[in-house]
Amino acid sequence: MKHLMTAALIAAASACAAEEPVTYTTDQSFEDVTFGLESAIIDAGLVVDHISHTGEMLERTRADVGSDVVLFQAADVYSFCSASVSRSVMEADPMNVMYCPYDIFVAVLADKPDETIIGFRPYPEGPMQEVQSLLDGIARAAIGME
């Protein structure tokens, strides 16, 4: 029984990992979108916990890992949390802790320099839709869609 449960958990994790991110594309610059994102997070009464400069790291280490592929002109991931939303979703299921902190990414693909993408991972149905709604509102506000 334990093996069946483990297999089911692995299958569920694989299915979630295969989901496409929720994204919005704009012709605004990377700098304008990241400024808009920081402002939208603050306007929601939240604090940016960390900014991961993923694009810079991948470019800096590209040759070290034997690659000549340039992925991004720029790519950052903003991490933050909401005490009230987190409490709500974790009271529904304490294991929702695995989703915290919440992340929104901003990226400019190397082959599409005139487009900036902002997005986040989708969350499962149920209580975590409260988080998805929060992130969607913040991402839309960052690019002036709300």
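Select helix α4, residues 83–92, and pick out Ser86 within that helix. The model is predicted, and every value in this tour is computed from it. Colour Ser86 by accessibility: the relative accessible area is 6%. Ser86 is therefore buried, since the cut-off for that word is under 20%.

Next, show what surrounds Ser86. Leaving out residues up to four places away in sequence, Ser86 touches Cys81, Cys100 and Tyr102.

Cys81 has a relative accessible area of 24%, so Cys81 is partly exposed. Cys100 is at 27% relative accessibility and also counts as partly exposed. How many disulfides does a search of the whole structure find? The search finds zero.

Now move to a pair of helices. Select α2, residues 30–43, together with α5, residues 129–142. Two packed helices are described by the angle between their axes and the distance between the axes. Here the axes of α2 and α5 come within 7 Å and cross at roughly 135°. That angle makes α2 oblique to α5, because only angles over 145 degrees count as roughly antiparallel.

On the α2 side, select Val33, Gly36, Leu37, Ala40 and Ile41. They meet Ile138, Ala141 and Ala142 of α5. What kinds of residue make up the contact of α2 with α5? Seven are nonpolar, one is polar and none is charged.

Conventions: Residues are numbered from 1 along each chain as its sequence is written. This is a predicted model: local features need pLDDT of at least 70, side-chain atom pairs count only at pLDDT 80 or more; totals for chains, interfaces and linings use all residues. Side-chain values use heavy atoms; hydrogens and water are left out. A disulfide is a pair of cysteine sulfur atoms within 2.5 Å. Buried means under 20% relative accessible area, exposed over 50%, partly exposed in between (1.4 Å probe, protein chains only). Helices (H or I, at least four residues) and strands (E, at least two) are DSSP runs, numbered from the N terminus. Contact means heavy atoms within 4.5 Å. Axes are lines fitted to C-alpha atoms, for helices over the stretch in contact, and angles run from 0 to 180 degrees between N-to-C directions. Angles under 35 degrees count as roughly parallel, over 145 as roughly antiparallel, 65 to 115 as roughly perpendicular and the rest as oblique. Ala, Val, Leu, Ile, Met, Phe, Trp, Tyr, Cys and Pro count as nonpolar, Asp, Glu, Lys and Arg as charged, and the others, Gly among them, as polar.
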